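Please look at the sequence and the structure shown here. A short report follows.

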Amino acid sequence: MAESVTAKNLALAKAINESLRRALETDPKVLIMGEDVGKLGGVFRVTDGLQKDFGESRVIDTPLAESGIVGTAIGLALRGYRPVVEIQFDGFVFPAYDQIVTQLAKMHARSLGKVKLPVVVRIPYGGGIGAVEHHSESPEALFAHVSGLKIVSPSNASDAYWMMQQAIQSDDPVIFFEPKRRYWDKGEVDTEAIPGPLHKAQVVREGTDLTLVAYGPMVKLCQEVAAAAAEEGKNLEVLDLRSVSPLDFDSIQASVEKTRRLVVVHEAPVFFGSGAEIAARITERCFYHLEAPVLRVGGYHAPYPPARLEEEYLPGLDRVLDAVDRALAY
Amino acid sequence: MTVESTAARKPRRSAGSKAGATGTERTTRTTARKAAEPELVQLLTPEGKRVKNAKNAEYAKYVADVTPEDLRGLYRDMVLTRRFDAEATALQRQGELGLWASLLGQEAAQIGSGRALRDDDYVFPTYREHGVAWCRGVDPTNLLGMFRGVNNGGWDPNGNNFHLYTIVIGSQTLHATGYAMGVAKDGADSAVIAYFGDGASSQGDVAESFTFSAVYNAPVVFFCQNNQWAISEPTEKQTRVPLYQRAQGYGFPGVRVDGNDVLACLAVTRWALDRARDGEGPTLVEAYTYRMGAHTTSDDPTKYRADEERESWEAKDPILRLRRYLEASNHTDEGFFAELEAESEALGKRVREAVRAMPDPDRFAIFENVYADGHALVDEERAQFAAYQASFATESDSGLAAGPGGK
Ligand SMILES: Cc1ncc(C[n+]2csc(CCOP(=O)(O)OP(=O)(O)O)c2C)c(N)n1
């Protein structure tokens, strides 16, 4: 990105904070809701300082009830508001799952398009921070399977800033998965830039030998993998999906037609995960271009393990490189 | 039981006005509710004096049999629990634990209720019930595994009728209710107790557990430790009426007890357990107490609460008050306190050593117990995992890169 007077170097969490601030400033209908989002600024401080500046009626500490948080956000949206709700950790979204799946996702269709539900559900997700159980999961596939929801996950500060703006402006419900282990990673954010479309994937590293596809926390890992592979003379392309639903198959296809090999990396369990969908569709679209089956690297069909085993469970450099080697060996 | 008037009524919104960001929104107030706080069941004042009045007489008879030795036992339980907790907090700071949820200040609520239980009763805790675990005979070092990150539980729930800690807020109240429904079906006379916090009281699961337990007359005691905070949110963000009054709407009794008074907690819990055993159904006990420390070691309470608040609660310290009572009534001597001090030190040392010696789990533990009957996919992934691990061994053994597998 070119030098810009409007560019700032921000941690990903702070970029979301500034994006929320901008939304609160520009649209009086935007509300922030969730547990501890007020004085504390959220357990990750993503909403830090917002209540102080916008008051308790815009930045709302809710009772400790996720079904209540999402259900009332739906009601507020029906009344013309644009709530951005925070679910404290991935594993705590399930009390709200009923409201999200049976109500939030379907009301637009049921009302023949008359009702719009511009609700953003922010979920810090994923592992790698040494937490106790229910604090490290990646449940995106459980939401992607449901029509009516859009699902996105930024991988860097700039995307976090801009994708949040776009999610809030969207008239559809957006599940906004925030890669919590990247919250503290800094990046350049140009607050005057014109962002690309919310659901478009982005090539973050050009390559010719194989495509690595990832989103959220795994993008950085894949960039590291590509750098390591480059030392062995392998030229990998890395695609940051940014959006899980809709999924930008065109961009994946374009990359695969060039590199002819695809490895999908995510933290969530591989079984019935987003990698399965990508593998199936890319196989349909690119059957004659592929030199190897689409491989997936992700979590196992096992509960997220205790912290001392998470390095074994999570895809790491070696596991992804291993998959890369296998794909290249075909 | 007296019913306090609820928070002031609000006028209905005038027709046509749309609340918005225009600054015209009606503000929600939690005015002067403190002034109308209901009385607590209290048997020991903060100064360590026995209280006798009409309100507590009904409960006091449940501790009429408590001997000086029992009192020393309660004191010992509280001191050792606090010591264990302090050790765990220190171990977290030293990097031996990933996280710790301290019970500091809640010893009386936990020991009082925990000691009211019979062995055949069943306990459903949340994640902070270290004192109750102590009463159940769970080795305290077993509580540390999940906070160290070596397991997601750490004990056999049936070993001591003490269920695993539950992190998802409020879930366990339904399990307790179902378990109690089973107890009733079996015609057993044991009781079940579910612990949860004031924040948890807002969860749908807790409301549903109240409904189910009332409808099925389940022998369950809901023991809510109102420690005034749910991370940064004060109880006012969960309720406009004192929590114990919730029970009334479901058709069972609720009572607020001084949660820093171990004797009162023992008495009220015994009363509630007796009701359950006698087939009178559920009870809600609200133990009014205070979380003296941070929510967990990851929390920073200076962001949301004033120091004076903690100081005012320190004056109501549960351990200090029993000590004052024991001393004033000549139920102890210096030897008792000195011995207990030595015992505390020994416990701290044992916990420290046990944690440091706790091995990391075997990596194959990831695939253990995923299913009771086994599962082909887990078997397949375990085998792949083993082959992958073995490839590193090959690499270092032979000095050659492992050949690509997976063909
Ligand atoms: C369903 C769910 N939502 C959010 C959380 C995160 N969380 C953990 S503890 C806590 C506060 C609980 O407060 P309270 O019930 O009063 O119990 P306390 O910790 O004060 O004992 C929150 C919000 C959670 N564990 N589960």
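## The interface of chain B and chain A

Chain B and chain A bury about 4,200 Å² between them, and 59% of that area is on carbon and sulfur atoms. Buried area is the accessible area (1.4 Å probe) that two parts lose on being put together, summed over both. On the side of chain B, the residues B:Asn152, B:Lys303 and B:Ile366 lose the most area to chain A, together 14% of what that side buries. In terms of contact (heavy atoms within 4.5 Å), 55 residues of chain B meet 48 residues of chain A.

This is a predicted model, in which local features need pLDDT of at least 70 and side-chain atom pairs count only at pLDDT 80 or more, while totals for chains, interfaces and linings use all residues. Residues are numbered from 1 along each chain as its sequence is written, chains are lettered from A and ligands numbered from 1 in the order in which they are written, and side-chain values use heavy atoms, with hydrogens and water left out.

## Salt bridges

A salt bridge is a side-chain nitrogen of Lys or Arg within 4 Å of a carboxyl oxygen of Asp or Glu. By this rule there are 47 salt bridges over all chains, and four are found across the interface of chain B and chain A. B:Lys303 forms a salt bridge with A:Asp48, with the closest N and O atoms 3.1 Å apart.

Within chain A, A:Glu206 pairs with A:Lys258 in a salt bridge, and here the closest N and O atoms are 3.4 Å apart. A:Glu206 lies in the loop between strand E9 (202-205) and strand E10 (210-214) and A:Lys258 in helix H9 (residues 249-259), so the pair ties together parts that are 52 residues apart in sequence. Helices (H or I, at least four residues) and strands (E, at least two) are DSSP runs, numbered from the N terminus.

## Two helices of chain B

How do helix H2 (residues 68-93) and helix H13 (residues 334-357) of chain B cross? Their axes come within 9 Å and cross at roughly 35°. Axes are lines fitted to C-alpha atoms, for helices over the stretch in contact, and angles run from 0 to 180 degrees between N-to-C directions.

The contact residues include B:Tyr75, B:Leu80 and B:Phe84 of H2(B), and B:Phe337, B:Leu340 and B:Val351 of H13(B). By class, this contact has eleven nonpolar, two polar and eight charged residues. Ala, Val, Leu, Ile, Met, Phe, Trp, Tyr, Cys and Pro count as nonpolar, Asp, Glu, Lys and Arg as charged, and the others, Gly among them, as polar.
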